[in-house]
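Trainee: I would like to learn how to read sheets and cores in a protein model. Can we go through one together?
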Amino acid sequence: MKPKLLIIREIENHTMNILAKHFEIDYRPDCSQEQLQNIIQDVQALLTMGTSINEKLIKNAPNLKIVSNISVGYDNFDTDAMKKAGILGTHTPYVLNDSVVDLTFGLMLSAARRISELDSIVKKGLWTVKADINYYGLNVHHKKLGIIGMGRIGEDLAKRAKLGFLMDVSYYNRHKKPELEEENITWKPLEQLLQDSDFIVMLTPLTEETKNMIDASRFKQMKNTAIFINMSRGSTVDENALYNALLNKEIYAAASDVFVQEPVNSDNPLLQLDNFTATPHIGSASHETRNDMAQLAAENLIEVFINGKQQNIVPELQLLVEKNTF
Ligand code: DGY
């Protein structure tokens, strides 16, 4: 008998067909977290994106052996609870890097040149030739870019920023990456990076250490011409502090693809600000990349669960394979 796989994200037919060779599939792309509690009882494998895999869910999932996340971030995994229950988790690194970098440039350009703000002025019929000076923004090219969280996406962003926009790039990361020095991408202490940079891009994963990492005191260290972009997770930034920094012009503008609560509340005060651009967590959301991610997540399931190989298991849960408790 094939093991039972529950899929709670929309995926393309060709990915489904690959999975159907190995699993008995229950496909419920509209399943909510609440509904999931009631249907996970006899499920052995789960394919999802961002669903909270916590103690409460695990209690209702006595047969669950593996969760394959269609994302690189896995802050939705309670890895301690999963470890205790012997549930493996996989993610999808690499395939989304270039798309996340594309959107990061989109938001940098939009915030600096006020694209979404001025788009709405044009569409409302409020464009006046005399007001041209009021439409000025800031340059992106040749500016200083500071990256917080120098993983794979950060490195790609740095390289493209140097090549495409002739930017001067530095980064802050717990571990220095000496190989980047050769490319003139330099490590700086966080405070210095915040003081020096014209653009600050947040790319760090959400962990206990990075929660609210950018708070009121950090915004005060930035230039008042700085542009802040959050591409990581909403909770790495104190949203109230960001609001105040934008309102009081402590920084020039900000853009965020991620929010503490998603979908973001329509009464979130950030959404009222002209110098704030919001997108709905679409860093990797191109047709091509989301398909690649779903396909990789499917391959991860097959390689790990069916073929007993190690492929894209999240580091915190590697131990389960090494100790053979899986
Ligand atoms: C990721 O893969 O972590 C992106 O943020 C999409 O969720």
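Predicted model: local features only at pLDDT ≥ 70, side-chain atom pairs only at ≥ 80, totals over all residues.

Trainee: In what order do the strands of the open sheet lie, and is the pairing parallel or antiparallel?

Mentor: The general idea comes before the case. Strands of a sheet pair through backbone hydrogen bonds, either parallel or antiparallel. Here 5 strands make an open sheet with the order 2-1-3-4-5, and the pairing is parallel. Strand 2 (24-27) and strand 5 (88-90) are at the edges with a single partner strand each, so one side of each has no neighbour in the sheet. From one strand to the next, the twist averages 15 degrees.

Trainee: How many bridges join strand 1 and strand 2?

Mentor: Strand 1 (residues 4-7) pairs with strand 2 over 4 bridges, in the parallel sense. As an example, lysine 4 has glutamate 24 in strand 2 as its bridge partner.

Trainee: Which strands does helix 1 touch?

Mentor: Helix 1 (residues 13-20) packs on the sheet and touches strand 1, strand 2 and strand 3 (45-48). The direction of helix 1 makes about 145 degrees with that of strand 2. Helix 12 (residues 287-306) also packs on the sheet, where it touches strand 1, strand 3, strand 4 (66-69) and strand 5.

Trainee: Which way do the residues of strand 10 point?

Mentor: In a regular strand the side chains alternate between the two faces of the sheet. In strand 10 (residues 227-230), Ile227 and Ile229 point one way, Phe228 and Asn230 point the other way, and all are buried. Strand 10 is joined to strand 9 (residues 199-202) by 4 bridges, and the two run parallel. Across that pairing, valine 201 is opposite isoleucine 229. Between strand 9 and strand 10 the chain passes through helix 10 (residues 216-221), and this β-α-β crossover is right-handed. Strand 10, helix 11 (residues 239-247) and strand 11 form a right-handed β-α-β unit.

Trainee: Which residues touch the most other members of the largest nonpolar core?

Mentor: In soluble globular proteins, nonpolar side chains tend to be buried together. The largest nonpolar core has 73 residues, and Leu19 and Leu145 touch the most other members. Both domain 1 (4-94 + 287-323) and domain 2 (97-278) give residues to this core, so it lies between them. Another core, of 23 residues, lies apart from it and includes Ile214 and Phe219.

Trainee: What is leucine 19 in contact with, leaving aside its neighbours within four places in sequence?

Mentor: Its contacts include Leu5, Ile7, Leu47 and Ile302.

Terms used:
Residues numbered from 1 in each chain as written. Heavy atoms only, no water. Core = buried A, V, L, I, M, F, W, Y, C linked by side-chain atoms within 4.5 Å. Buried < 20%, exposed > 50% of the residue type's maximum accessible area, 1.4 Å probe, protein only. Domains from an automatic or database assignment. Contact = heavy atoms within 4.5 Å. Pairing = 2+ DSSP bridges. Right-handed = clockwise from strand over helix to strand, strands pointing away. Axes fitted to C-alpha atoms, helices over the stretch in contact; angles between N-to-C directions.
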